[in-house]
Amino acid sequence: MELEGKKAAILVEKLYNEYEFIYPYYRLQEAGTRVTVVGAEKGATYAGKYGLPVTADAGAGEVSAADYDAVVIPGGYAPDHMRRHSAMVDLVRGMNA
């Protein structure tokens, strides 16, 4: 699959798995994909499982599934926190549809 010119959202919340965030983030960028870090709140900083901070480029309520070609959901405890935000759940449901 050609990734040049595509757009991907990587979701982030507290206690995300750093490895499952960092590797896709940089590999997608290397492949020419424009990557947006999406959190529950734009500009919020989230600490990973091992303490690595990452700041959200956009809030889940500000973006739409139609804006992206792919979504990455890092593991750790982040998905448990993500599901508590209806905008995050709606974004993933939209991507799945």
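Is Tyr-25 buried or exposed? Tyr-25 is buried, as its relative accessible area is 18%; buried means under 20%, exposed over 50% and partly exposed in between, with a 1.4 Å probe and protein chains only.

## Basis of the model

This is a predicted model, in which local features need pLDDT of at least 70 and side-chain atom pairs count only at pLDDT 80 or more, while totals for chains, interfaces and linings use all residues. Residues are numbered from 1 along each chain as its sequence is written, and side-chain values use heavy atoms, leaving out hydrogens and water.

Tyr-25 lies in helix H1, a DSSP run of H or I with at least four residues, numbered from the N terminus. Beyond its neighbours within four places in sequence, Tyr-25 is in contact (heavy atoms within 4.5 Å) with Ile-10, Val-35 and Val-37. The C-alpha atoms of Tyr-25 and Ala-8 are 9.1 Å apart, with a sequence separation of 17 residues.

Helix H1, residues 18-30, also holds Tyr-19, which counts as exposed because its relative accessibility is 52%.

## Glu-18

Glu-18 is placed in helix H1.

A polar atom of the Glu-18 side chain lies 3.2 Å from the backbone nitrogen of Lys-49 and one lies 3.1 Å from that of Gly-51.

Notes: Helices (H or I, at least four residues) and strands (E, at least two) are DSSP runs, numbered from the N terminus. A polar contact is a pair of N or O atoms within 3.5 Å; within protein, one must be able to donate a hydrogen and the other to accept it, and residues adjacent in sequence count only if both atoms are side-chain atoms.
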